[in-house]
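User: I have a model open and would like to learn how to read it. Please take me through it feature by feature.

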Amino acid sequence: MLKELNCPKCGGSLDVDENQRIVKCGFCGSSSVLKLDNGKPKLKIEQQPYKPESDSLISLLDLKVYYKIAGGLFSAAKYIRAVDGVSLGIEKGETLGLVGESGCGKSTLGKAILRLTEPTGGKVFYNGKDLAHLPQAAMREQRKDLQMIFQDPYASLNPRMTVGNIIGEPIRTFSLANGKSVELKVQELMETVGLSRRFVKRYPHEFSGGQRQRIGIARALAVDPKFIVADEPISALDVSIQAQIMNLMERLQAEKNLTYLFISHDLRAVRHLSDRVAVMYLGRIVELADGKEVYKDPLMPYTKALISAVPVPDPEIEAARQRIILIGDVPSPINPPSGCPFHTRCQYAISECKEIVPKLVEIKPLHQAACIRISSEHPNIDENVKSGRKVVGNEN
Amino acid sequence: MSNHNGTILTVNDLKTYFQTEDGIVKAVDGISFQLQKGETLGIVGESGSGKSVANLSVMRLIPDPPGKIVNGNIIFDGIDVRELSLDEVRKIRGRRIAMIFQDPMTSLNPFLKISEQLMEVTRLHLGHNKKQAYEHAVKMLKTVGISDAEERIESYPHEFSGGMRQRVMIAMALSCDPELLIADEPTTALDVTIQAQILELIKDLKARMGTSVILITHDLGVVAGMTEKIIVMYAGKVFEKSPTRELFATPANPYTKGLLKSVPDPAHEEGTELYQIPGLPPDVAHLPPGCPFAERCSYVQEICRIEYPPFIQINEDHHSLCHFAEEVYAESVQERK
């Protein structure tokens with residue numbers, strides 16, 4: 001039997017077969033789901049769970065990293081769910097910023113992509129190959145394309161090696177050059193990152209923090225990588241040096257068409273460097289959008305609080321604005337809260353939040369969030385609260 | 001007890017030098033500032049600028065040797081701190097001047113329960129007996145927003161998260177109702193959401209108790225919302241001193257200007273590239289004869305490399321250490337329009 005219903009997006013009238021589940025609107029092209037609302041059939045915009053684009057440089061599918069912390073023969077195993085089912089696409093040439101508080105799993109995610117820590121489950125696609133299940137030998141070959149810059153420029157360089165050897169080592173390991181040409185390549189790399197080639201025989205302790213980070217970047221660049229995971233590359237540096245390293249990273253990206261995963265807890269730096277930003281909480285991605293969009297219009301309550309907590313270097317703005325102060329700390333990832341992991345600290349939490357695990361769905365074009373109290377029809381959580389709407393999306 | 005003008009702390013031409021193998025390091029080289037009662041002063045600078053040493057000097061916590069306060073007056077509520085014996089200093093430290101440090105894990109004793117550490121302060125300074133001290137400790141934990149204070153007070157520091165430990169540190173610092181609180185990078189080791197909690201707490205306590213605060217940080221965002229006055233330090237010297245709003249609106253020193261421009265500002269749309277101050281902070285043991293910032297300065301002239309810059313007064317409370325302070329200020333005013 002056919003029924004006439006209105007498209008929830010454009011309002012056009014549609015003839016709908018009652019046995020149909022998904023209805024495509026002939027006017028605006030949006031698909032919606034047929035549902036019963038108080039016994040009456042009604043169309044609702046379909047919430048598409050976020051999937052990475054098929055042509056992404058790196059695609060993560062349901063990536064999981066669990067660390068076993070207890071349990072053995074006789075007791076139940078206990079795990080820290082550091083990364084708990086992350087699906088994410090990183091496009092060629094972009095910088096994807098990954099933010100979150102300490103312990104949210106952002107560093108583990110970065111390492112799992114490069115297999116510096118073994119994923120427990122899920123897939124990491126690069127160039128059509130699943131890195132997560134590649135044999136060690138084949139993985140080694142791939143590492144040429146995938147490099148990492150570390151947070152601590154003091155601990156990540158071997159103190160007994162000269163700068164020349166540190167930067168030259170990956171070149172020799174992958175036999176990218178030999179003999180004299182290694183030295184030439186090293187000197188060229190040093191100039192690229194703004195270090196004088198006179199320093200080639202010096203040891204790491206002779207350099208300042210910012211210079212050491214430049215050495216770390218030169219080493220990562222030595223193998224001509226396509227993709228770099230930068231894990232808190234500027235956090236240990238002074239303010240004036242942070243700007244230098246950020247500018248260097250931007251320049252190198254433009255010159256060498258690099259793709260970055262930029263991991264940081266510094267939201268100002270992330271916004272400055274990133275094209276898109278992913279917000280992580282207790283091992284899950286809870287919001288994903290264009291960098292400026294996340295700041296202008298955060299949708300998910302955790303992102304809202306995170307953005308509002310960032311101090312702005314402008315006394316006039318600071319005096320005028322109202323901060324959202326979160327209560328308490330991040331819950332333990334050993335025993336994460338049921339339902340939405342954020343419900344324990346969320347001012348908008350309702351009883352359903354304790355039960356339903358929200359999916360990362362598209363709320364606005366190219367803007368995904370994981371929260372059951374918002375939907376593409378009603379993206380503003382404050383309005384939803386005011387008008388008494390409870391669960392508005394994400395319930396299936 | 002108090003001064004008529006309501007000044008709680010006056011630091012005048014303070015010089016703290018360290019004897020090292022590399023020669024004498026002038027960690028703090030002639031800084032002066034005043035703090036009024038109930039006011040919050042921000043001290044901003046990069047690592048090695050001397051901002052922490054300046055405040056350790058106020059508390060007489062400079063390890064001697066190798067360090068030594070070689071010159072200057074530190075007048076706290078009419079008392080010259082430099083003239084006091086160590087015993088007398090100890091009576092002020094923790095009682096009337098309290099300090100919070102960056103890393104709450106290393107500043108709490110891991111072997112002692114929170115209760116013992118909190119009670120020690122009031123038993124020592126306020127002569128509380130065990131019961132009074134315990135009750136006061138519970139009250140302080142509640143004041144800093146720790147729920148279930150009666151139970152949690154029997155915990156050890158490792159059972160607390162970073163933000164909670166910093167709350168305990170604040171509770172301890174405020175136990176004796178100090179007149180001056182020195183907070184040295186109190187939120188640097190914490191996440192932004194926890195940082196917001198702690199800053200809000202300090203603001204709130206300051207409003208309730210009327211404590212004067214010195215907030216030391218490298219983060220311009222933190223001082224913007226928290227302080228009334230700021231001094232910017234570089235290479236052991238005060239480069240700029242100004243009311244907070246004026247400093248952010250119209251800086252009169254090239255270093256301050258550079259710092260402000262090099263921080264990505266999420267509230268404003270940014271240009272394509274971040275402004276960067278070239279070069280590195282100077283080696284404080286081997287400073288050049290002229291301005292210590294000359295090598296990195298975009299306004300540099302011949303005179304800057306030869307002659308030490310003057311501390312020029314721009315407005316009533318606004319000073320800048322620069323040969324061209326007035327020009328830089330005029331430019332800032334122009335840019336503001």
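Analyst: Start with strands. Two strands pair if DSSP finds at least two bridges between them. Helices (H or I, at least four residues) and strands (E, at least two) are DSSP runs, numbered from the N terminus. Two ground rules come next. This is a predicted model, in which local features need pLDDT of at least 70, side-chain atom pairs count only at pLDDT 80 or more, and totals for chains, interfaces and linings use all residues. Residues are numbered from 1 along each chain as its sequence is written, while chains are lettered from A and ligands numbered from 1 in the order in which they are written.

User: How many bridges join S16(A) to S17(A)?

Analyst: Three bridges link strand S16 (residues 361-364) of chain A with strand S17 (residues 367-369) of chain A, and the two run antiparallel. Glu362(A) has Gln368(A) as its bridge partner in S17(A). The pair forms a hairpin with two residues between the strands. In that turn, Leu366(A) has a positive phi of about 60 degrees.

User: Which residue takes a positive phi in the hairpin of S9(A) and S10(A)?

Analyst: Asn127(A) does, with phi near 55 degrees, and two residues lie between the strands. Strand S10 (residues 129-130) of chain A is joined to S9(A) by two bridges, running antiparallel. Tyr126(A) stands opposite Lys129(A) in S10(A). S9(A) (residues 121-126) also has five bridges to strand S6 (residues 58-70) of chain A, again antiparallel. There, Ser59(A) has Phe125(A) as its bridge partner.

User: Now helices. At what angle do H3(A) and H5(A) cross?

Analyst: Axes are lines fitted to C-alpha atoms, for helices over the stretch in contact, and angles run from 0 to 180 degrees between N-to-C directions. The axes of helix H3 (residues 163-173) and helix H5 (residues 209-221) of chain A come within 7 Å and cross at roughly 25 degrees. Angles under 35 degrees count as roughly parallel, over 145 as roughly antiparallel, 65 to 115 as roughly perpendicular and the rest as oblique. H3(A) and H5(A) are therefore roughly parallel to each other.

User: Which residues of H3(A) and H5(A) meet?

Analyst: Contact means that two C-beta atoms, placed from the backbone, lie within 7 Å. Val163(A), Ile166(A), Ile167(A) and Pro170(A) in H3(A) meet Ile215(A), Ala218(A) and Arg219(A) in H5(A). By class, that is six nonpolar, no polar and one charged residues. Ala, Val, Leu, Ile, Met, Phe, Trp, Tyr, Cys and Pro count as nonpolar, Asp, Glu, Lys and Arg as charged, and the others, Gly among them, as polar.

User: How many residues does each chain bring to the contact between A and B?

Analyst: Chain B brings 39 residues and chain A brings 34. On the chain B side, H8(B) gives the most, with seven residues. That side divides into 18 nonpolar, 13 polar and eight charged residues.

User: Is Lys337(B) buried or exposed?

Analyst: A residue is buried if 20 or more other C-beta atoms lie within 10 Å of its own, exposed if 12 or fewer, and partly exposed in between. Lys337(B) has 4 such atoms, so Lys337(B) is exposed. The residue sits in the segment after helix H13 (325-336) of chain B.

User: What does chain A come to in helices and strands?

Analyst: Chain A has eleven helices and 17 strands. Its C-alpha trace spans about 80 × 55 × 50 Å along its principal axes. Of the 396 residues in chain A, 43% are buried.
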